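The entries follow in the order in which I checked them.

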Amino acid sequence: MRPAVARIDLAALRHNYHLARERHGGRAFAVIKANAYGHGAVRCAEALGDVVDGFAVAIMEEALSLREAGVRKPILVLEGVFEAHELEEAARRDLWLVVHSDAQLDMLARVPPSASLTLWLKLNSGMNRAGFEPDRAGEVLAQVRESGHCAEIGWMTHLARADEPDCPSTADQIALFDRATRGLPGMRSIANSAGILGWSAARRDWARPGIMLYGADPMPGEAHGLRPVMQLRSRVMSVRELPPGTPVGYGARFVTARPTRVGLVAMGYADGYPRSAPDGTPVAVDGSLTQLIGRVSMDMLTVDLTELPNSGVGSEVELWGGHVSVNRVAEGAGTISYELLCNVKRVRFEYHDDASSF
Ligand SMILES: *Cc1c(COP(=O)(O)O)cnc(C)c1O
């Protein structure tokens, strides 16, 4: 069997959820959209089931597959519905919906209410992507009430630059949200992971931690105590000794400068390891750091084993996890941990849950 594996540490996931919830106070949606950022939504939901206040996903389909798998906690659908008929299904499956657009308000007005819904009204406080303009908060609330669909109300907004500790726009967003919702009834939610870690002023009734649950710190300069949940790993499948001046891989991007032992690893961009990773990207072989050399192929990549004489065929290679942070790989590849994690595919997923370790 090909040794490419994503090892998922469910105890670490719970640890990170507790950390997020403690730090923020109040309640916390575990954000498990996009298949729990590539970690497996159902397995993650089950692992969090006893401790979580609720889950958040992006779209209805994600929410419904969790309900089908037996998940009973509140599930918030962050993009809300795309079509009016989904309102009825949302009510039937007891989903909480974000309402962020006039199109969604129209749907609420058109469809006769069945069971009443918990609706989270999203305000645009500066992301300028989704959400109602803040000065419309009262009017939107009135329309939603008029529709007869709504049992409970929440107010939310999303921070655009919370991972930049010195950026004043986050405080502006929080202030704008507070002004717009002052005196209006309902729960409040502002903070994503970076908001939880960096902005105590963003704490409200509910937090919405995503990336931090998976142990990828959005502000990696500080020690927040998160534990990586995914270890992406494989093994060396062959070794070759090359003299100086020898090209390795497609396009001869890497050329040996010295006698070099090259390890061939069963992992490629079809597994989600980024093709854009440059020479020098860290990898750990049998627990020791070395580096990627040569272009990443679809199914394979090559690493430098010259300084690791005891490693060879069968050696374990960590692409990211406890030795190599996914943030570091993402930085080299010109992207963010989120994208790398939710792109992992084809590899075998192995779930571990050491309950005693948390
Ligand atoms: C994805 C998402 C989150 C979680 O963000 P992280 O940066 O992963 O913590 C929170 N809120 C909304 C609206 C989102 O779309």
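I counted a residue as near a molecule if one of its heavy atoms lies within 4 Å of it. This is a predicted model, in which local features need pLDDT of at least 70, side-chain atom pairs count only at pLDDT 80 or more, and totals for linings use all residues. Residues are numbered from 1 along each chain, and side-chain values use heavy atoms, without hydrogens and water.

Ligand entry: I found 13 residues around the ligand, of which Lys33, Tyr37, Ser193, Ile211 and Tyr338 come nearest. For polar contacts (pairs of N or O atoms within 3.5 Å), I noted that a side-chain N or O atom of tyrosine 37 is 2.5 Å from a ligand oxygen, that a polar side-chain atom of serine 193 lies 2.5 Å from an oxygen of the ligand, and that a polar backbone atom of isoleucine 211 is 2.8 Å from a ligand oxygen. The protein covers 92% of the 390 Å² of accessible area (Shrake-Rupley method, 1.4 Å probe) that the ligand has on its own.

Pocket entry: I took a pocket as an open set of points on a 1 Å grid over the protein atoms alone, where a 1.4 Å probe fits, with protein on both sides within 12 Å along at least five of seven lines, and lining residues as those with an atom within 4 Å of a point. The largest pocket is lined by 41 residues, with Lys33, Tyr37, His158, Asn192 and Tyr338 nearest its centre.

How values were computed
A polar contact is a pair of N or O atoms within 3.5 Å; within protein, one must be able to donate a hydrogen and the other to accept it, and residues adjacent in sequence count only if both atoms are side-chain atoms.
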